[in-house]
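This report goes through one protein structure part by part. Please look at the sequence and the 3D view before reading on.

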Amino acid sequence: MLKQHRELSMSIRRTIENNEEAGIRPSKTYQSFVAAAGGHRELNFIEKDVRNYITREVRNVSEQEDAKEFGKYFLRMKEKNPNIFFELELEEDQSIKLAFWADARSRAAFEYFGDVISFDTTYNTNRYNLVCGSFVGVNHHGQSTLLGCCLMKNEEIESFKWLFQCWLRCMGGNALKGFLTDQCASMKRALEACMPTIVHRWCIWHIMKKIPSKLNGYKGHADIEQEMSHVVWKSHSKDSFDRNWNDFLLNFGLADNKWLLDLYEDRHIWVPIYLDHHFWAGMRSTQKSESMHSFFNKYITRNSSLIQFIKQYDNCLGSREQAERESDAADFHTVIPCATKSSIEAQFQDAYTHAKFREVQAQFKGKANCITRLKNSALGYSIYEVREQVSSSIFNKFVVTYDSVAAEVKCQCLLFESRGILCRHALSVLSFEQVSQVSSRYILERWSKKVKRRHTHIKSSHDETLMEPRSKRFDQLIFRSQNICEFASELGGADCNSAPSV
């Protein structure tokens, strides 16, 4: 326990460095040493020594040195692959003011998954209180995929303008179709200036989460929350939303509530019925971005440096790439059986990734709760009412139209328009019409498992560890000696203590 008798061997130091790069917390690293040694008494160091080594050797860097190493990282990565994109803006003291980057794989993936982006910022980044923002898309498996990252000193309009202009340059000036953010006024104004044609959507989850705090002072606030959710989610036309919203305000005496009045003014930017005729790849909230931030927060602390942050970003890129590769392999080697005898379901089974085919199957199963009735028909154009049973006594009604000449089906629920998946109401009408194959317009290439996507041939960026020659030789020797150790451990029950000395 005396300080002069405690020491960290090179093997221990290299393990600490590797674990720190992998985002393993010091307490977990120390416990792994304890487990390997067979107890605390078998170690000639304590947990404080591990923490001190990390603070002294791994994290001990000034903000200016950190920013310099941050820039050097991108230059090294640029040498590996010229298609990496990065832009930095420094303060007068050479610290980071603004930074944006996207690796080569992310830029290539934008070609396929850059139609809808979720963007979110968080403060839990590093010791410099920089704001971290991530651009997140959805791949053909419905998984989150990172398409760029930024660090900012503040969330002012000019900072967001700089960021969004970088984004456009990075992606070749190709403005995306849909952009999902939280309720940030600065972000909204910057988007209007940089991408005026984009469809901007606020995260509905963030808005609904504010209801308790905003309306807690009203009597019966639990009923208010329930009714507001019902109006937002169950209004299947703009007119019905307007009527239901006004009734909601009158019934609860909320006609003078400024927060609700402002929300109504901005209804076109967050209420589903105003937005779901656009394609959103299944996204209605920024939770895709937040899941990325939860990854960073799991491994990054308030004492982390920029270099540690970028290493964790690389790890996150690698984990997303691996998840996609595993799903691609499963699509290629396995088959999900059809749940029905429908030849339309078999069409989607053949074309779609497993994840998206499961979504299709859920709609086929939901058909069992639908009752289809023809309301009107003329010259091959039919109007149907589909009643969907949602409980023992409650039915929701949807209007579905079918054009037999154009082979086109449209449902009031807008599931296909917003998610790219045919809804159970439309499938019910197609069954009623005895349609055996759907038009190719309903089998989106975006969800296909058969498309050869260019980005899959590009590895996500990962920096080579910079270490002194002695450490590098040590790692190489350890790697080579593992085969000898494995061979020796398998010798037929030989007693190591009685083995002849060399």
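Two residues are in contact when they have heavy atoms within 4.5 Å of each other. In this sense isoleucine 307 touches Asp66, Glu69 and Phe70, leaving out residues up to four places away in sequence. The structure shown is a predicted model.

## Overall make-up

The protein has 20 helices and 11 strands. Of its 502 residues, 45% are buried. Among contacts between residues at least 6 apart in sequence, 64% join residues at least 24 apart.

## The seven-stranded sheet

An open sheet is built from 7 strands in the order β1-β2-β5-β4-β3-β6-β7, and its pairing is mixed. The edges are taken by β1 (85–90) and β7 (199–202); each has a single partner strand, so one side of each has no neighbour in the sheet. From one strand to the next, the twist averages 20°. Helix α6 (residues 157–170) packs on this sheet and touches β1, β2 (96–102), β3, β4, β5 and β6. The direction of α6 makes about 25° with that of β2.

Strand β3 (residues 116–122) and strand β6 (residues 178–181) run parallel and are joined by 3 bridges. Strands β6 and β7 also run parallel, with 4 bridges between them. Phenylalanine 179 in β6 stands opposite isoleucine 117, and in β7 the bridge partner of phenylalanine 179 is histidine 200.

Tryptophan 202, found in strand β7, is buried because its relative accessible area of 7% is under the 20% limit. Leaving aside neighbours within four places in sequence, tryptophan 202 is in contact with Leu180, Thr181, Asp182, Gln183, Cys184, Lys188, Ile207, Asp266, Ile269, Trp270 and Arg284. Tryptophan 202 and serine 285 are 83 residues apart in sequence, and their C-alpha atoms are 7.5 Å apart in space.

## Helix α5

Helix α5 (residues 104–113) is largely enclosed by the rest of the structure, because 8 of its 10 residues are buried. The buried residues are Ala104, Arg105, Ser106, Ala108, Ala109, Phe110, Tyr112 and Phe113. What do they pack against? Their partners are β2, β3, β4, β5, α6 and α15 (306–333).

Isoleucine 307 has its place in helix α15. With a relative accessible area of 19%, isoleucine 307 is buried, since the limit is under 20%. Isoleucine 307 and lysine 68 are 239 residues apart in sequence and 9.8 Å apart in space, taken from C-alpha to C-alpha.

Histidine 141 is found in the loop between β4 (131–138) and β5 (144–152). Not counting residues up to four places away in sequence, histidine 141 touches Glu324, Ser327, Asp328, Asp331, Thr353, Ala355 and Lys356.

## The helix pair α10 and α11

Two packed helices are described by the angle between their axes and the distance between the axes. For helix α10 (residues 221–234) and helix α11 (residues 238–251), the angle is about 170° and the axes are 9 Å apart. That makes α10 roughly antiparallel to α11, because angles over 145 degrees are counted that way.

On the α10 side, the residues that meet α11 are Ile224, Glu227, Met228, Val231 and Val232. On the α11 side they are Phe241, Asn244, Trp245 and Phe248. The residues of this contact divide into 7 nonpolar, 1 polar and 1 charged.

## Two loop residues with positive phi

Glutamine 94 lies in the loop between β1 and β2. Its phi is near 75°, a positive value in a residue other than glycine. Glutamine 94 is partly exposed, with a relative accessible area of 45%.

Alanine 407 is found in the loop between β10 (395–403) and β11 (408–411). Alanine 407 has a positive phi of about 55°, although it is not a glycine. With a relative accessible area of 31%, alanine 407 is partly exposed.

Technical notes:
Residues are numbered from 1 along each chain as its sequence is written. This is a predicted model: local features need pLDDT of at least 70, side-chain atom pairs count only at pLDDT 80 or more; totals for chains, interfaces and linings use all residues. Side-chain values use heavy atoms; hydrogens and water are left out. Axes are lines fitted to C-alpha atoms, for helices over the stretch in contact, and angles run from 0 to 180 degrees between N-to-C directions. Angles under 35 degrees count as roughly parallel, over 145 as roughly antiparallel, 65 to 115 as roughly perpendicular and the rest as oblique. Ala, Val, Leu, Ile, Met, Phe, Trp, Tyr, Cys and Pro count as nonpolar, Asp, Glu, Lys and Arg as charged, and the others, Gly among them, as polar. Two strands pair if DSSP finds at least two bridges between them. Buried means under 20% relative accessible area, exposed over 50%, partly exposed in between (1.4 Å probe, protein chains only).
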